[in-house]
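This briefing is for a reader new to the structure. Please look over the sequence and the model before reading the points.

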2 protein chains.
Amino acid sequence: MAAPAEFLQYIDDKADAFIQRLADAVAIPSISGDAKHRQDVFKMADWLDAQLKAVGVETKLVDLGKHVMDGEELPLPPAILGKIGNDPSKKTVLIYGHFDVQPADKSDGWETDPFTLVIKEDGRLVGRGSSDDKGPILGWLNVLQYHHETGKPLPVNLKMCFEGMEESGSEGLDDLVQRESKPGGWFEGVDCVCISDNYWLNTRTPALTYGLRGLTYFKVTVSGPGRDLHSGVFGRTVHEPMTDLIHLMSKLVDTQGNIMIPGVDEMVPPADEQERAIYQSLDYSIADVEEAAGNKIAISSNKVEVLMGRMRNPSLSLHGIEGAFSGAGAKTVIPAKVSGKFSIRLVPPQTPEKVDPLVIAYLKQEFAKLNSKNELIIENLHGGKPWVADVNHWNFEAAKRATKAVYKQDPDLTREGGSIPVTLTFAESLGVNVLLLPMGRGDDGAHSTNEKLDRSNFIQGSKLLGTYLYEIGQVKA
Amino acid sequence: MAAPAEFLQYIDDKADAFIQRLADAVAIPSISGDAKHRQDVFKMADWLDAQLKAVGVETKLVDLGKHVMDGEELPLPPAILGKIGNDPSKKTVLIYGHFDVQPADKSDGWETDPFTLVIKEDGRLVGRGSSDDKGPILGWLNVLQYHHETGKPLPVNLKMCFEGMEESGSEGLDDLVQRESKPGGWFEGVDCVCISDNYWLNTRTPALTYGLRGLTYFKVTVSGPGRDLHSGVFGRTVHEPMTDLIHLMSKLVDTQGNIMIPGVDEMVPPADEQERAIYQSLDYSIADVEEAAGNKIAISSNKVEVLMGRMRNPSLSLHGIEGAFSGAGAKTVIPAKVSGKFSIRLVPPQTPEKVDPLVIAYLKQEFAKLNSKNELIIENLHGGKPWVADVNHWNFEAAKRATKAVYKQDPDLTREGGSIPVTLTFAESLGVNVLLLPMGRGDDGAHSTNEKLDRSNFIQGSKLLGTYLYEIGQVKA
C-alpha cells in the first residue's frame, strides 16, 4: 500500500516538535575531527541511541577501538547498529547515516552560533549538522515515531548503521560493515541500502543519486640539487627540478579538461543518446554550475558536456606543488626537491588498479623525454573505486514513486563527482543495490559556514523517507 | 714602482695582529636584517670609523635616515665615507665594502659560536663576516696601517665608501652614491672603483670579476573561481587556474635551459671563439659546478656551455607557485587563484626595459591560446640591469699584474650569475671602470653556516690589495 494519509498528516502535525528535536541534536557539537570535542561525539551517540530505543529500535553500540589523531590516542566513538522488524514476508532495508559533524566556529563567519539551531523567516534551519547529516537521521526517527506511537507496523524490516567518524575518514567502519555483512552478522538478510547523506543538484528538484566517482591521487617528486640553489649562481648551469616538474605536469590535462594520459579517457565508453538525454533532462544549468563556482568559467557551453564532466567522465586536477617557493614576494631560489600533487576522479569501468599503471608508465615516458639528470619518484597517495548503481532496480523505482508522491515531480537522477567511500563498501560487502536519497538542497553548505536545512526539506523529506519504505513494501518479493 | 718588499714583509709579520683585529670585528654581530641587532651595526660603524682614523683616513659618517623593517621604524646605520691623499699627479681609487653581516645562530648548524672567530688547524678563520665582508675591509686597513706606521705615501689617492645595509638591500646607498658622484661631491675625481665583495670561482685560483647578470622578476596570476573548489564536484566542469598556469609556465624555459620566449635568448650575441676561450681557460670544471650544486646535474657536458650559462647567458628559473596547495599530504582542492613566480637573469645588451615587453606579450599570447575563461594578471616585481666591465682597462690590467705578483699565477676572469646592485650604481654614477677583486674562495659559505676566510686568503689578499694600488700607481696618467 501507499504511504497512509495519516502518516503524512502526522509529520505535518509534529513539525515543530521535530524541529525542536533537530535543535537538540545540533546543540551537541559532535565534531569528530577535533580531539577537544571527542566526548561530544560519544554524547551524541548516547543521545541517538536513546532516541532510537524510544521508538522501538533494538540497538547495539559497537566499540571501534582507538586511533591516533594529531599525535593523541583517542577512543573512537561507537557505531550504532539498529534493527526493527523481522518479518520474512517483508523486504529488509539497511539505512545509514552519521551523527558527527564538520568543525564550526562563529569566528569562521557564521551569522549565528553554529550549535544553536536558528529558525529563519525564510524557512532555513541554520546550524552545524542540520543538513549533514543530523537532519536526515532525524527524518528516519520521525518516521519511526509515527509507527511507534500509532502501533502501526513498518512496511519493511529495517536495519540501521549510524557512525560518528564520517567527517574524519570513517575510521573502523569498513571492517565493521564487512564483518556484519557475513552470514550471522547484523546485516544478514538486507535486500537493499538507502543512504541519505548528499544533496539535490539545485534548490528546486528532488534527486536520486546512482553514481559516485572514484579517485586516485599522485605525488610526483623531482629532485636533483643537494640543497636549494641560488638562481643567479646556478641558473642555466644545472637541470632545475621545477622546470622538469612543470613540464611534466603540463602533460597531464589540457586546458579544456581532457586527460592527456593515453588510455585514461579512452577507457570510458562515450555516452549514447539515451545517456545524454539523462543529463539534458536534469534541472541544472550551466548558470547553476557557474553560480556555484563563483564565476562564468564553465569549460563548455554545452550543458550535457558540463554535467557529464562532473558526473560521468573522469577529471584530472592539479592541486599544487610541495617544496617550491609558495610564499608572498619574490625569492630567487632554485628549489632542490619539488613534488607535484594531482588526482584523477574515476568513473566505471576505471579503477585505480587499471588507471595507475597507465599514469605511472606515462609519467616515466614523458620524464625520459625531458632529458634531465634529475631524479623522478612517483607515489600513489590513495585511491578508491567509483560506484554506479542500476537506476532501474526496484530500490530506485520505489524511490522514484515516493518522490513523485511527495513532491509531485520526478526526481533528477544524478551522479556525484565526489566520493562517499561507505557506499562502495555497502555495495561490495552486501552485494545489493544501494540508493542515495538526499534530503537537503544543493545550497545547504554542508561543510561551509551557515549550514542549513530548509524546513520544507526536513518535513517533506521525512515524508519522503517514510513513503519510500511504503513503496519498497509494495515491491513483489 | 711595484709594491715594496718591505710592505709584503710587513703584512706577513703582522699576520697574527691582523687576525686578532678580524676577530674583534667578527665579535660585533652587525646583522642588518635583524632589528634586535641594529645597534650592533651602529657599533660596528663606530669601530670601523675609529680604525680608519687611526691609520690616517679622514672620515665622514653619513646619516641615511630611517626605514621600516618588520613593521618597526628603525634608524639606518650610517655610511662611512673616507679619503686619504689628494695628490693631483696620482690616480684616485674608490674602494667599497660593507660592515654588516648575514644573520647567524649556533642553532643553524654552526660548529662554533658564529661571532667568535675560530682559527682552525687547516688555516680556516671561521666566523660570520670573516669573508663577507669584514675580511676584505680589514685587508684595506692592513694596507693603510703599513703606510701610516712607516710614513710612506700611498701610491694613489683613496676614497672610501663603506655601508652597513648591504645584506638588507643597501637601503639609502644609491641616493648617497649618486649625490656624492656629482661635482663637489665626496667622490669627485675618482678614476676607478675597486669592490672586494665576491669570491674566486674555486679554491685554487684568484679571480677578477668583470660582469654581473641583471634580473627581471615576474608574478603571473591566473584566477577564475570565486573561491577554492572541490575537485570532485567541479573537476572537468570549469577552467581550473592551476591547469592554465602550469601550461603557461611550461612555455617559458625548456629542460635544457633554453628560454622559450621569442627574442630573449636571441638578444644576446653568440660568443665568438675568443670569448669561448676565456671560459675554456677558467680553472673551473663541470665537476666543480656539480660539487657546488650537490649532485651530477650539469645541464651540459661541455664546460664552456655550462660556464657561459652561469656567466654570460641569460637564464630563466621557475621559483614556485603562490596560492596552490603546498603542504604535505593529499588535498583535493581546485585553488581559485594561483600565482607563478619566475625570474630571468639578464646579460648585456638585455635590460628589463627591453626584455619585459617581450615577456608580457608572449605570456598574453600563450594564455590566449589556452582558450580559458580564467583571468590572467602579469606583474613585474622588480628588476635590475646587468653589468659588464672592460677587462682591458688599466684598472683590470693593474689587478692582473698584482695577482700575478702575489699569487704567481694569472687570475681567472669571471662574470657572476648573481647581482651586486651597487656595482652598477658606481659604474653609472661615476662613469668609470669598476673592478670586482675578490679576497675569499668559492667555498667560503658567505651566507651559510660556518662561514670562513682562509688565513692565506686574508694575508695574501691584503698583499694583493696593496700591490694592486701600487700597480695603479704605475699607470700613466
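**Briefing: two chains and their interface**

Asp265(B) is joined to Arg236(A) by a salt bridge, in which the closest N and O atoms lie 2.8 Å apart. The model is a predicted one.

**Extent of the interface**

- On chain B, 83 residues are in contact with chain A, where 83 residues take part as well.
- The area buried between the two chains comes to about 6200 Å², and carbon and sulfur atoms give 54% of that area.
- Of the area that chain B buries against chain A, 13% is supplied by Arg236(B), Thr255(B) and Ile297(B), more than by any other three residues.
- The size of an interface is often expressed in this way, as the accessible area that is lost when the parts come together.

**Contacts and make-up**

- Between chain B and chain A the count of salt bridges is two, and the pair Asp265(B) and Arg236(A) forms a salt bridge.
- There are 53 residue pairs in polar contact across the interface, both residues being at pLDDT 80 or more.
- Strand β13 of chain B, residues 315–322, gives eight residues to the side of chain B that touches chain A, which is the largest share.
- That side of chain B is made up of 33 nonpolar, 34 polar and 16 charged residues.

**Relation of the two copies**

**Features recorded for chain A**

- An unreviewed UniProt entry places the feature "domain: Peptidase M20 dimerisation" at residues 210–368 of chain A.
- Over residues 210–368, chain A is 35% helix and 22% strand, and the end C-alpha atoms of this stretch are 41 Å apart.
- Under "binding site", UniProt (unreviewed entry) lists Asp132(A), Glu167(A) and His447(A).
- These residues span 316 residues in sequence, yet no two of their C-alpha atoms are more than 9.7 Å apart, so they gather at one spot.

Technical notes: Residues numbered from 1 in each chain as written. Chains lettered and ligands numbered in written order. Predicted model: local features only at pLDDT ≥ 70, side-chain atom pairs only at ≥ 80, totals over all residues. Heavy atoms only, no water. Contact = heavy atoms within 4.5 Å. Buried area = accessible area lost by both parts, 1.4 Å probe. Salt bridge = Lys/Arg side-chain N within 4 Å of Asp/Glu carboxyl O. Polar contact = N/O pair within 3.5 Å; in protein donor to acceptor, adjacent residues only side chain to side chain. Helix = DSSP H or I, 4+ residues; strand = E, 2+ residues; numbered from the N terminus. Nonpolar A, V, L, I, M, F, W, Y, C, P; charged D, E, K, R; others polar. UniProt positions renumbered as here; feature names shortened; annotations may be inferred.
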